[in-house]
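Here are my notes on this model, written as numbered points. Please read them with the structure open beside you.

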Amino acid sequence: MAIKTRAYSVDGKREMTIDEFKRWLKKFDDDKDGKISRDELADAIRVSNGGWFTSRKSKRIIRSVDANGSGFIDDNEIKNLVEFAEKHLKVRILHL
């Protein structure tokens, strides 16, 4: 379930709006509780990168995204996740 978008930038990054990014992320909400857990986010990272990140590296990155340590990515932490996606997942988030 790679990140799919309709547009790519000149540098090859997939372009999407924040709403498109959130819809893609919701696909990994396995228990449908409306929150993304660390494990669900780890699955999203592995799938989007073809397994490139090791489990240990994924957990470390997720801890940095989950700033309050709740075990879930909430709306206040989406900015952290967007920064991560732009840096590591070859995504450019369009701020419209």
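1. Helices (H or I, at least four residues) and strands (E, at least two) are DSSP runs, numbered from the N terminus. With those terms, the protein chain reads β-β-α-β-α-α-β-α-β along its sequence. That gives 4 helices and 5 strands.

2. Know what you are looking at. This is a predicted model: local features need pLDDT of at least 70, side-chain atom pairs count only at pLDDT 80 or more, and totals for chains, interfaces and linings use all residues. Residues are numbered from 1 along each chain as its sequence is written, and side-chain values use heavy atoms, with hydrogens and water left out.

3. Next, burial and contacts. A residue is buried under 20% relative accessible area, exposed over 50%, and partly exposed in between (1.4 Å probe, protein chains only). Of the 96 residues in the protein chain, 41% are buried. Contact means heavy atoms within 4.5 Å. Take the contacts with a separation of 6 or more: 49% of them join residues 24 or more positions apart.

4. Look at helix α1, residues 18–26. Which of its residues are buried? They are E20, F21, W24 and L25. These residues cover an arc of only 140° around the axis, so they sit on the same side of α1. (The arc is that of the directions from the helix axis to the C-beta atoms.) R23 and K26 are exposed on the other side of α1. The buried residues of α1 pack against two helices, α2 (38–48) and α4 (78–88), and against the strands β2 (14–17), β3 (36–37) and β5 (91–94).

5. Now compare α4. Its buried residues are I78, L81, V82, F84 and A85. They span an arc of only 160° around the axis, which puts them on the same side of α4. The face turned away from that buried side carries the exposed residues K79 and K87. After α4 comes K90, whose phi is positive, near 55°.

6. Then find the core. A nonpolar core is a set of buried Ala, Val, Leu, Ile, Met, Phe, Trp, Tyr and Cys residues joined through side-chain atoms within 4.5 Å. The largest one has 22 residues, and those with the most contacts inside it are F21, L25, L41, V65, I73, L81 and F84. At least two residues of this core come from each of α1, α2, α3 (55–65), α4 and β5. The biggest contribution is from α4, with 5 residues. In soluble globular proteins, nonpolar side chains tend to be buried together.

7. L41 is in contact with L25, I36, I62, V65, I73 and L81, leaving aside neighbours within four places in sequence. F84 lies in helix α4. F84 counts as buried because its relative accessibility is 6%. Its C-alpha atom is separated by 8.3 Å from that of I61, 23 residues apart along the chain.

8. Check one strand residue as well. T17 lies in strand β2. With a relative accessible area of 19%, T17 is buried. Leaving aside neighbours within four places in sequence, T17 is in contact with I93, L94 and L96.

9. K32 is not a glycine, yet its phi is positive, about 55°. Most residues other than glycine have a negative phi. K32 counts as exposed, at 63% relative accessibility. K35 is found in the loop between α1 and β3 too. K35 counts as partly exposed, at 39%. K35 touches D29, E40 and F72, not counting residues up to four places away in sequence. The C-alpha atoms of K35 and F72 are separated by 6.3 Å, though the two are 37 residues apart along the chain.

10. Finish with the largest pocket. On a 1 Å grid over the protein atoms alone, a pocket is an open set of points where a 1.4 Å probe fits, with protein on both sides within 12 Å along at least five of seven lines; lining residues have an atom within 4 Å of a point. The volume is about 180 Å³. (A volume is the space filled by probe spheres set on the points, and grid points are joined across faces, edges and corners.) Among the lining residues are K22, L25, K26, K35 and I78. The most lining residues come from α1, with 3. By class, the lining has 4 nonpolar, 1 polar and 6 charged residues. Here Ala, Val, Leu, Ile, Met, Phe, Trp, Tyr, Cys and Pro count as nonpolar, Asp, Glu, Lys and Arg as charged, and the others, Gly among them, as polar.
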